[in-house]
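Biologist: Walk me through this model, please. I want to learn how to read its charged pairs and its core.

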Amino acid sequence: MGVPAGPIRVVVAKPGLDGHDRGAKVIARALRDAGMEVIYTGLHQTPEQIVDTAIQEDADAIGLSILSGAHNTLFGAVIDLLKDREAEDILVFGGGIIPEADIPPLKEKGVAEIFTPGATTQSIVDWVRENVRQPAGA
């Protein structure tokens, strides 16, 4: 089977009770401006809502943004739900206020990459392009 046609599709989500969405919106816009299709779910999404959206939208990746400190629980819940729903081909990456010590365990759970404060939008766009399926003609 070949690479699916069309642009990379990314769900950008704010799980949990975190009400700070500026960073998620900046990333969503950067990905969109780079030619990707972006579905922004808005604030206060449950892991179930995020995974449902990713599956319904035939997303290639989910980008999670968390500043609340609940990253270990919420990232893990999204990964587990993707496994339960046999959608492990949807890559999960994230960013926010995440201590360096928490990054290796998150990656062990299946989070593909974590971007911490100071990561440039270009570095995130480049990473998505290099690690998520390539669009037709790329």
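**Salt bridges, then cores**

Modeller: This is a predicted model. The structure holds seven salt bridges.

Biologist: How should I read such a pair?

Modeller: Side chains of opposite charge can pair when their charged atoms come close. Here, Arg85 and Asp52 meet through their side chains at 2.3 Å, N to O. Arg85 sits in the loop between H3 and strand S4 (91–96) and Asp52 in helix H2, so the pair ties together parts 33 residues apart in sequence.

Biologist: Is Asp52 buried or partly exposed?

Modeller: Asp52 is partly exposed, at 33% relative accessible area. Arg85 is partly exposed too, at 34%. In another bridge, Glu113 meets Lys107 at 3.0 Å, N to O. Glu113 counts as buried because its relative accessible area is 19%, under the 20% cut-off. Lys107 is partly exposed, at 36%. Salt bridges with shared partners also link Arg9, Glu37 and Glu57 into one network.

Biologist: Now the nonpolar side. Which residues have the most contacts inside the largest core?

Modeller: In soluble globular proteins, nonpolar side chains tend to be buried together. In this model the largest nonpolar core has 24 residues, and Ile62, Leu64, Phe75 and Leu82 have the most contacts inside it. Helix H3 (71–84) is among the elements that give two or more residues. H3 gives the most, with six.

Biologist: What does Phe75 touch beyond its sequence neighbours within four places?

Modeller: Its contacts include Leu64, Ile66, Ile98 and Leu106. A second, separate core has 17 residues, including Ala24 and Phe93. Ala24 lies in helix H1 (residues 22–33). Ala24 counts as buried, at 2% relative accessibility.

Definitions and conventions:
Residues are numbered from 1 along each chain as its sequence is written. This is a predicted model: local features need pLDDT of at least 70, side-chain atom pairs count only at pLDDT 80 or more; totals for chains, interfaces and linings use all residues. Side-chain values use heavy atoms; hydrogens and water are left out. A nonpolar core is a set of buried Ala, Val, Leu, Ile, Met, Phe, Trp, Tyr and Cys residues joined through side-chain atoms within 4.5 Å. Buried means under 20% relative accessible area, exposed over 50%, partly exposed in between (1.4 Å probe, protein chains only). Helices (H or I, at least four residues) and strands (E, at least two) are DSSP runs, numbered from the N terminus. Contact means heavy atoms within 4.5 Å. A salt bridge is a side-chain nitrogen of Lys or Arg within 4 Å of a carboxyl oxygen of Asp or Glu.
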